[in-house]
Amino acid sequence: MPRGYRRGCKFFSLTETPEDYTLMVDEEGFKELPPSEFLQVAEATWLVMNVSSHSGTAVQAAGVTKIARSVIAPLAEHHVSVLMLSTYQTDFILVREQDLSVVIHTLAQEFDIYREVGGEPVPVPRDDSSNGFPRAQHGPSPTVHPIQSPQNRFCVLTLDPETLPAIATTLIDVLFYSHSAPKEAAPGDPGPSSITFFAFSLIEGYISIVMDAETQKKFPSDLLLTSSSGELWRMVRIGGQPLGFDECGIVAQIAGPLAAADISAYYISTFNFDHALVPEDGIGSVIEVLQRRQEGLGS
């Protein structure tokens, strides 16, 4: 962990996939990274948004499928590329800094928008003028990206930050040393039997971990916390080739159909591919829904 991390970095996310590691950090965290020829940095600077719903005096996080129609779809229609990072606690939407004015204009009719200044929320003025902001237009049909569903069963967990030192050695070992080769798919299967995937985030003092059920066995069971149901999740991996950062609507073409079918989902974008986690007992319905999406968009 970089020496200055505790002092300044408030947004840290590290995701391991079969291809690479994806690191999302704020500006303070980025300053602490040592220069490396192996570190590939996305050109754009991204801003983080978090959508919350107010219930009385409490603020409740809204899941990615709940904001599919109100946030994800409108941004796609206005040609705004987004990255998603779902955690145990909430969902974060990352948009390019250069797209901020379009994002505010698109969402201001539906939401009260605040920016954080000195740790406090400050209302962003509404711009009632539509000059310079063309109406959403139907452009070319979006690329229909193939999906795979590895056989891993995943857990979505959290951890009291005070107990992080107790699992630090295991965490480092799992992320960087004790790799096991993915199991090969059986003949006729649409994807690998299992893949390497591990996501760790520490954002504003809250820890979120996504790992497969086999990896969880390496950690002390009394420290990792999950929902009372102990629900397991299956993955839908989006993309046959690296997706890049310019294409719009990738999240929308997954989140939209799942929302219409009332299927909960975590969504994690990485440098090359996107990943949706859905309840294990609904994976059959998810594959069916997304295959219909492929047929609809591909026709």
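Two strands count as paired when DSSP finds at least two bridges between them. This model is predicted, and strands β8 and β9 give an example of such pairing. Strand β8 covers residues 114–117, and strand β9 covers residues 120–123. They run antiparallel and share 4 bridges.

Look across the pair. Glu116 faces Pro121, which belongs to β9. Now look at the turn. The hairpin of β8 and β9 has 2 residues between its strands. Gly118 has a positive phi there, near 60°.

## Salt bridges: the count

How many salt bridges does a search of the whole structure find? The search finds 6. Side chains of opposite charge can pair when their charged atoms come close.

## Glu19 and Arg237

Glu19 makes a salt bridge with Arg237. Their closest N and O atoms are 2.4 Å apart. Where do the two residues sit? Glu19 is in the loop between β1 (11–16) and β2 (21–25). Arg237 is in strand β15, residues 233–238. The pair therefore ties together parts that are 218 residues apart in sequence.

Arg237 has 8% relative accessibility, so Arg237 counts as buried. The cut-off for buried is under 20%.

## Asp246 and Arg96

Asp246 and Arg96 also meet through their side chains in a salt bridge, at 2.8 Å from N to O. Asp246 lies in the loop between β15 and α7 (250–260), while Arg96 lies in strand β7, residues 91–96. Because of these positions, the pair ties together parts that are 150 residues apart in sequence.

What about their surroundings? Asp246 is exposed, at 62% relative accessible area. Arg96 is buried, at 12%.

## Glu28 and Lys31

This salt bridge joins the side chains of Glu28 and Lys31, with 3.4 Å from N to O. Which element holds them? Both residues are in helix α2, residues 27–31. They are 3 residues apart, so about one helical turn separates them.

Glu28 is partly exposed, with 38% relative accessibility. Lys31 has a relative accessible area of 62% and is exposed. The cut-off for exposed is over 50%.

## In short

The Glu19 and Arg237 pair links a loop to strand β15. The Asp246 and Arg96 pair links a loop to strand β7. Glu28 and Lys31 sit within helix α2.

Definitions and conventions:
Residues numbered from 1 in each chain as written. Predicted model: local features only at pLDDT ≥ 70, side-chain atom pairs only at ≥ 80, totals over all residues. Heavy atoms only, no water. Salt bridge = Lys/Arg side-chain N within 4 Å of Asp/Glu carboxyl O. Buried < 20%, exposed > 50% of the residue type's maximum accessible area, 1.4 Å probe, protein only.
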